[in-house]
Amino acid sequence: MNRYWDAANYLTVAQIYLQENALLTSPLTAEHIKPRLLGHWGTSPGLSLIYVHLNRLIRNTGARVLFVAGPGHGGPAVIANLYLEGSYSEIYPRVSQDPKGLLRLIRQFSTPGGIPSHVGPPTPGSIHEGGELGYSLAHATGAVMDNPELIVACVIGDGEAETGPLEGAWKAPAFINPRRDGAVLPILHLNGYKISGPTVLGRQSDEQVMALLRAHGWDPVVVSGSDPALVHPMLAQALDSAHARILQIQEQARHTSASTPAPWPAIILRTPKGWTGPDFVDGVAMEGTFRSHQVPLAGVRENPAHLAQLEAWLRSYKPETLFDPQGRLVPDLAALAPDADLRMGANPWANGGSDVAPLPMRPLENYAVEVGTPGSMKHETTKPLGEMLRDVYTDTAHDPRFRLFSPDETNSNRLGAVFEVTDRCLMGPVRDGDDRLSPNGRVMEVLSEHLCQGWLEGYVLSGRYGLFATYEAFAMVSASMTIQHAKWLQHARELPWRQPVPSLNIMLTSTCWRNDHNGFSHQGPGLIDTVLSLSGSVIRVYLPPDSNTLLAVAEHVLLSKDYVNLVVVDKQAHPQYLNLEDARRHAAAGASIWHWAGNESQARETEPDIVLACAGDVPTEETLAAAWLLQHHVPQLGVRVINVMDALVLPPPDVHPHGLSEPDFEKLFTTNGEVIVAWHGYARAFHQLLHGRVNPGRFHVRGYSEQGSTTTPFDMVVLNKMSRYHLALEALHRVSGHFDGARELADHCRIMLADHETYIRQHLEDMPEVREWVWTPPTEIGDAP
């Protein structure tokens with residue numbers, strides 16, 4: 001095993017430094033060295049040590065192990081081990097186990113057209129992007145949910161352990177049910193240093209670190225040392241004991257009924273940073289210090305002494321005893337790797353799972369809201385979705401492959417129907433007064449957006465389905481995770497061997513427009529901006545205006561693969577507009593003219609005088625009210641109303657695949673007409689979407705502008721100048737020509753805005769004219785409110 005470890009370390013160093021002479025069959029020269037030295041050596045020996053010992057465990061026990069490398073820049077070590085076990089060459093036949101393939105292996109690392117320096121989508125056996133630290137343990141935890149035979153060995157670097165998401169992820173024992181889930185084996189690798197300084201846990205005693213893990217429910221052991229002859233047997237014993245304990249916990253739970261958190265094993269591994277590398281370089285300590293973090297010998301092309309030291313370092317592993325003349329690992333070492341899909345690089349769960357069944361969906365007619373006259377009745381928009389998810393839970397009870405994740409907000413988000421068939425998950429005693437709480441629950445509530453999203457990412461990347469529902473403003477807490485996941489999907493789509501995986505579905509509720517008992521801190525539609533900036537090949541943004549359109553969107557996104565789907569919809573009672581048939585049609589189109597809301601049907605053959613467009617539930621209601629005012633007061637004014645539900649129809653088709661062609665875009669928004677837009681988010685995001693369209697300056701966007709606090713619903717739109725009265729005034733300002741009634745309507749709007757400000761301060765609620773307003777055809781009404 002030590003020789004196998006030598007082989008992995010040798011290939012790691014070769015990837016960082018060499019472009020020729022892969023097995024040192026001749027003396028090393030400057031020409032053999034890459035012109036740019038990139039990569040990270042410091043964490044790599046520890047990763048290879050763990051990998052070698054996991055191989056031993058798998059061969060001895062047949063365990064199915066998924067490897068998550070938290071120290072992601074240890075990429076060359078993981079690649080080296082994948083190459084040695086043979087799984088890498090099966091995925092990439094050009095990187096064959098012969099001299100040509102070995103040369104390609106070392107030349108491709110961190111070079112143009114090659115592979116990145118960290119573990120990522122091109123790495124077989126990986127579900128974890130190692131670029132941004134903090135998410136490894138959350139991903140590992142999500143992967144074992146409803147995956148009873150899987151063990152995820154999660155290596156956590158002590159630098160990564162300083163991040164907030166990782167610190168929160170230690171809570172996993174409170175949510176892993178050994179009766180139905182797999183097991184996470186955390187291996188906290190303390191090599192003591194980050195890039196240029198010590199780590200917090202690296203400087204703490206074994207007792208302190210063990211106390212931290214014990215407080216979260218783990219049962220840790222320490223493996224520590226710098227002598228391989230001592231560390232190898234200690235780590236082997238620790239892994240054997242951990243595996244035996246995992247099986248014991250699971251067997252006991254599966255034959256009885258687990259109700260308390262299991263003391264899951266964990267390993268604290270202390271080894272030197274840059275172990276087996278140069279002790280000193282130019283008289284400065286290297287091994288066991290932060291200086292070994294990246295490239296210990298940086299001047300080998302220019303400095304003959306450094307070149308000689310590199311050659312001595314490489315030859316210290318005795319490559320001639322590890323590889324045969326054809327560049328293959330010698331047989332006695334190759335026999336140490338597992339076979340077939342027991343190899344960690346070939347684990348099916350790292351590539352979309354194994355024969356995962358599709359998600360069953362009952363007909364949407366079971367949940368549809370009956371809509372009469374559009375806008376004439378209100379309903380809590382997300383409530384039917386909760387009923388739909390309830391039945392998904394029911395229909396997957398025999399083969400669990402769906403979970404809802406939410407930061408303690410399932411009922412708040414009006415999705416509580418799921419509790420008719422399942423509970424909140426928590427390992428621990430249930431007390432009197434607890435509501436729908438049990439170890440067997442499959443609704444995952446924890447007050448951490450990082451954990452909810454990280455668990456879901458691990459869940460979907462291993463082939464299952466889910467939804468993360470959270471308050472809109474606080475989805476920004478995990479916005480960086482959304483970015484990283486989108487980057488993963490974008491790259492994975494380019495790899496033909498990567499199987500499609502269920503989409504990452506994020507639903508934002510408690511939106512910026514409806515914070516009736518929350519303040520300014522709860523207002524922030526910024527995740528829309530974040531997602532819109534990502535690659536159009538993998539992102540989608542939907543703003544359903546009512547329950548039936550939400551159902552149509554939910555059905556689509558839950559069944560979709562390889563996307564980040566952002567669904568923005570408020571949970572409060574809102575007007576309902578479209579029956580299910582129309583909702584499906586509207587969802588498929590992405591944007592539609594709502595003819596019933598305008599007056600173009602009144603024998604108009606020319607384009608409308610003004611276009612009112614809206615995206616989002618509150619903007620839709622205000623736009624319809626503005627259209628009502630315009631048509632009632634200025635009946636000769638031609639008004640068109642457009643609802644945009646798929647934000648990505650707005651860019652040109654060369655920017656996003658959902659983008660409307662220019663003729664179709666003009667059919668909706670006219671060729672040169674002025675368009676008044678009520679937009680759910682920041683106005684800049686809508687303008688960004690229009691970039692590349694002809695004459696985008698004709699779109700005048702009202703959206704959220706960082707105004708408001710705890711106030712009435714209508715006051716929020718007034719403060720942000722997106723109210724019906726502001727929209728009507730903007731429309732009157734933009735139309736050409738004279739229209740009877742226009743001046744009177746403008747006066748009416750200004751009076752109503754003034755009256756509103758006085759009324760809410762006196763009565764603490766919105767005016768009846770606003771509060772009780774419902775859409776009715778303007779021609780059927782007498783005096784306008």
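Helices (H or I, at least four residues) and strands (E, at least two) are DSSP runs, numbered from the N terminus.

## Basis

This is a predicted model, in which local features need pLDDT of at least 70 and side-chain atom pairs count only at pLDDT 80 or more, while totals for chains, interfaces and linings use all residues. Residues are numbered from 1 along each chain as its sequence is written, and side-chain values use heavy atoms, with hydrogens and water left out.

## The sheet

An open sheet of mixed pairing is formed by 5 strands in the order β18-β20-β19-β21-β22; two strands pair if DSSP finds at least two bridges between them. Its edge strands, β18 (591-593) and β22 (699-702), each pair on one side only. Strands β19 (residues 610-615) and β20 (residues 639-644) are parallel, paired over 5 bridges, and Ile610 stands opposite Val639 in β20.

## The second largest pocket

A pocket is an open set of points on a 1 Å grid over the protein atoms alone where a 1.4 Å probe fits, with protein on both sides within 12 Å along at least five of seven lines; lining residues have an atom within 4 Å of a point. Of the 18 residues lining the second largest pocket, Lys378, Arg514, Pro713, Phe714 and Asp766 are the closest to its centre.

At least two residues of this lining come from each of β17 (573-575), α19 (617-633), α22 (713-719) and α25 (768-771). Domain 1 (367-429 + 436-573) and domain 2 (593-772) each give at least three residues to the lining of the second largest pocket; the domain bounds come from an automatic or database domain assignment.
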